[in-house]
Amino acid sequence: MKHISMAVADKLYTCATSGSVHKHKVYHTAFNEFCTMINKLEHVLEEDTQDDYWQNLLRELKRYRFLLNTSPLPLNSYTTSLLSYVEDSLKKCHYSFPKSSHLVQEVFNKLFILSGLQDNPLLEAIIGLVSEQGHTALLIKEPSLLPIVETELGKYPTLRHIELVNIHQLRGAQHYQSLFVVGHSRLYPEYVLNSPRAIDIHLIRYSWLSDIWKPKSIFLQLYMQSNGINDKVAEDVRTQYEGQQLHSYKDIETDIFFEINWDHVTKKIVTQVQEDTNQEQILARLYLLANEQSVFLDSNGSTKGYVLDLEGDEDEDEELHQVKHIELSKVRPGMFLILRTEGGGEYIIPIADKILGEKAVQLRAKQEHWKILLREAVLKRGITDVSIELLYEDANRANEINVRNWMSNKTIRPQDDKDFRAILGLVGLQDKEQEYLNAAEQIESAHRKAGFYIRDQLLKRVVDADIQELHKKGFLDFELPASGGGDGGSLTALRIEHISLEVFSVPVSRLGHLIKIKDK
Amino acid sequence: MLINRVFYMNDGKWKTLPLWGQLLFDLGYSLGSLNSSENCIVVGIALPTRAYAASLTAMGVVAGRLSLFINSNDVLTRFQQLASLTIGTSLIYRKPDKVVKGIFEGIEEDKGCSGIRLRAGSQCYILPPSLALQVEIPTKEFTSPPKRSDRRTSNEVSPFLSLFLGKEVAKAVTLQSKIDCVMIGSLGRLKEEVNETQFAVKDSSGTFISGTFQDVIRVRRFSSHEAYRSDIYHVHSNENVGSYQETPLVAIFDGATSFLKSREMWQNSHHIALFDQTETEFDAGVQAFNEGFTKNRLDGLDLNKPVKVPIKLPISIYQERRK
């Protein structure tokens with residue numbers, strides 16, 4: 001949390017204590033029929049939905065439904081590619097599931113109707129409610145849709161003043177007179193409505209989604225008459241569309257909580273990188289990032305990484321910097337992960353080598369030499385025996401996990417001199433002990449300098465960066481100058497959208513490398 | 001001293017402190033003015049932002065404590081604490097015009113009265129119990145006897161403090177050190193809030209007299225040689241708070257992470273947990289608070305007067321047996 005003025009804090013309290021949530025419902029016959037059809041399809045198929053064919057088809061259909069339920073986009077958005085996909089699926093269905101092909105045909109027909117409609121019921125509702133007075137924002141559930149929604153708003157002069165925001169921005173000190181929230185309240189974190197950043201929140205959803213949101217009770221027992229803002233929930237204001245009679249539809253609880261199927265995305269990427277089984281493997285977590293990128297990072301929570309944290313507190317060293325070098329266990333969605341865009345994931349080594357100058361090759365060779373000898377020893381005698389032997393050699397922390405780490409190219413040397421000496425003794429380098437210790441010390445020092453250099457450069461860039469643009473795009477490219485110890489090159493800060501709970505065994509060489517997400 | 005007569009600076013103009021600010025001050029004041037009790041009060045409050053919450057609450061605690069001026073319990077507690085020290089312990093004696101660094105030489109009995117014997121170079125002071133709060137135990141022992149055993153200090157009391165607390169109390173505050181409360185949170189932000197935020201009170205002529213939180217709460221970490229009333233610990237602090245010399249009356253947790261990480265360290269203090277509804281650990285913090293409520297809650301509430309809740313912010317207060 002950044003320092004804010006008392007006046008800004010007062011505005012946030014005003015929003016929290018005087019704000020109101022207004023619920024609005026909109027209706028559209030063709031879209032309602034399409035959504036109902038997907039439900040029907042799932043219902044009829046029952047256990048068949050586990051088949052890959054239906055899973056793939058339903059995923060595509062639900063993604064469209066999800067996007068159109070949560071963003072004010074014309075109903076024909078994305079329908080060209082989806083129609084073509086459904087058409088292909090229909091052909092396959094005739095052979096594979098002939099009894100169900102009429103259902104796919106029906107879905108195709110409904111979608112075909114939508115593909116011809118430029119109607120935008122959610123946006124129409126916003127137009128009807130928006131005031132040109134006051135600071136107004138529209139919360140976008142799916143950050144990747146921001147540019148396309150912005151284009152839509154740009155078509156209407158009365159909407160051009162609306163600022164597009166994501167959920168992470170609403171943690172900060174930004175506040176508005178009006179905030180439009182589209183879709184079901186359950187799609188958003190509690191604080192969006194429980195601790196609002198606007199005096200008026202307009203929650204707009206399709207009428208067939210039942211949403212009985214009410215303020216969440218926080219404490220088991222409240223002291224006296226204390227309460228939250230959100231006893232102020234305005235009765236539903238029904239916004240009609242195209243003259244539809246609101247009582248003519250059937251309330252259907254439609255499951256729109258599709259969102260992105262992270263499991264599906266993760267599995268695809270994991271399969272892609274696990275092919276190389278000859279390499280050293282490491283347990284890693286998958287980070288799904290903005291701009292349809294992803295990256296594997298070490299699952300060991302104590303491993304550190306660089307992040308850009310626009311709203312966070314100071315780090316453990318009590319430094320209030322937006323660029324932080326923090327343990328991966330503390331990295332959260334909403335932060336921006338800093339990765340090397342060119343030349344692979346490792347950005348410290350090239351800069352450190354530049355700092356080391358001519359000595360770099362020789363020092364790195366020494367580092368590689370003892371690691372190779374240690375790996376050979378492990379290969380010959382097994383990791384358990386090597387660990388025990390190291391303990392006999394007076395190592396302090398020799399165990400299987402640490403020995404693996406010491407062998408790995410990710411580490412420079414063991415933290416403890418005793419451990420390092422024990423390794424050098426074990427691999428027969430005891431006569432050159434001091435030489436190897438010095439080499440490791442010089443490499444470590446260069447790595448530290450490289451880290452400071454990168455942080456310094458990033459901080460300079462962040463100061464100049466358009467933060468609003470960064471929120472909007474979800475990523476920011478940094479060009480490192482070729483002077484000052486670095487060899488130039490580019491880094492990117494990408495917003496973290498999701499971190500996998502599961503850990504995966506992946507080749508070490510894939511760590512820190514950006515992987516394009518081809519299919520969400 | 002009335003908090004509703006405090007102003008803050010906005011766009012070059014003085015504005016009345018908002019109601020939420022007064023609530024947080026009152027909350028601290030209620031706990032600060034409590035007499036010793038067997039029980040601890042635990043407060044949880046869900047806020048839209050943590051900004052200024054810890055500082056205002058701390059200001060309330062200190063003002064509440066000073067409203068009991070001079071609290072004989074505090075004086076007695078400090079005297080007992082000093083009496084139990086090992087001979088040779090470093091001490092600081094704060095006189096109106098100077099600070100004396102010395103070494104504790106034990107308790108001297110004279111004509112049925114006890115006094116603290118303090119050696120400062122060639123000089124020896126016998127300090128009666130009533131001056132106990134003017135004697136501090138420094139955070140670090142003196143490595144060698146101070147070459148100059150005392151140093152002159154400004155005796156000036158800030159006009160803001162005088163108006164805010166009253167002249168007599170303000171003068172005592174500049175001499176007496178005591179930890180009324182600790183804040184556990186983000187050092188950088190709190191430092192900026194405590195030292196930079198401008199407040200004002202009006203004097204009899206209607207002139208605004210300005211000051212900062214630090215004038216009142218006197219955070220030990222942020223003061224060089226002045227008497228202190230509070231302290232701050234970083235949320236990820238590795239400092240050994242177990243060796244803390246005094247038990248603060250109130251521990252203020254600036255955020256859920258602080259509450260989750262540090263509440264066990266301050267078991268003998270009243271707790272105020274300031275939860276920010278937008279922080280990532282909010283749910284975990286509230287869950288821990290509610291679990292404490294379910295497990296430890298005692299009937300009744302030993303508050304001198306009810307905490308004012310002028311605006312709609314979710315607050316929960318219960319008391320539990322002191323551990």
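Residues are numbered from 1 along each chain as its sequence is written, while chains are lettered from A and ligands numbered from 1 in the order in which they are written. Because the model is predicted, local features need pLDDT of at least 70 and side-chain atom pairs count only at pLDDT 80 or more, whereas totals for chains, interfaces and linings use all residues.

Helices (H or I, at least four residues) and strands (E, at least two) are DSSP runs, numbered from the N terminus. Two strands pair if DSSP finds at least two bridges between them.

| Partner of E4(B) | Residues | Bridges | Sense |
|---|---|---|---|
| E5(B) | 98–110 | 5 | antiparallel |
| E8(B) | 135–136 | 2 | antiparallel |

On the E5(B) side, B:Ser90 has B:Ile103 as its bridge partner, and a hairpin of 3 residues links E4(B) to E5(B). E4(B), residues 90–94, is mostly covered, with 4 of its 5 residues buried. Here a residue is buried if 20 or more other C-beta atoms, placed from the backbone, lie within 10 Å of its own; 12 or fewer make it exposed, and anything in between partly exposed.

Next comes helix H6 of chain B (residues 187–196), where B:Leu187, B:Arg189, B:Leu190, B:Glu193 and B:Val194 are buried. Seen down the helix axis, these buried residues fall within an arc of 165° (taken from the directions from the axis to the C-beta atoms), so they line one face of H6(B). They pack against several elements of chain B, among them H2, strand E10 (181–185) and strand E14 (250–254). Contact means C-beta atoms, placed from the backbone, within 7 Å.

What about the cores? A nonpolar core is a set of buried Ala, Val, Leu, Ile, Met, Phe, Trp, Tyr and Cys residues joined through C-beta atoms within 7 Å. In the largest, of 134 residues, B:Cys181, B:Ile252 and B:Leu274 touch the most other members. Helix H2 (residues 53–66) of chain B gives the most to this core, with 9 residues. Beyond its neighbours within four places in sequence, B:Ile252 contacts residues including B:Ala54, B:Ala58 and B:Met183.

Finally, the two chains meet through 34 residues from chain A and 37 residues from chain B. H1(A) gives the most to chain A's side, with 9 residues.
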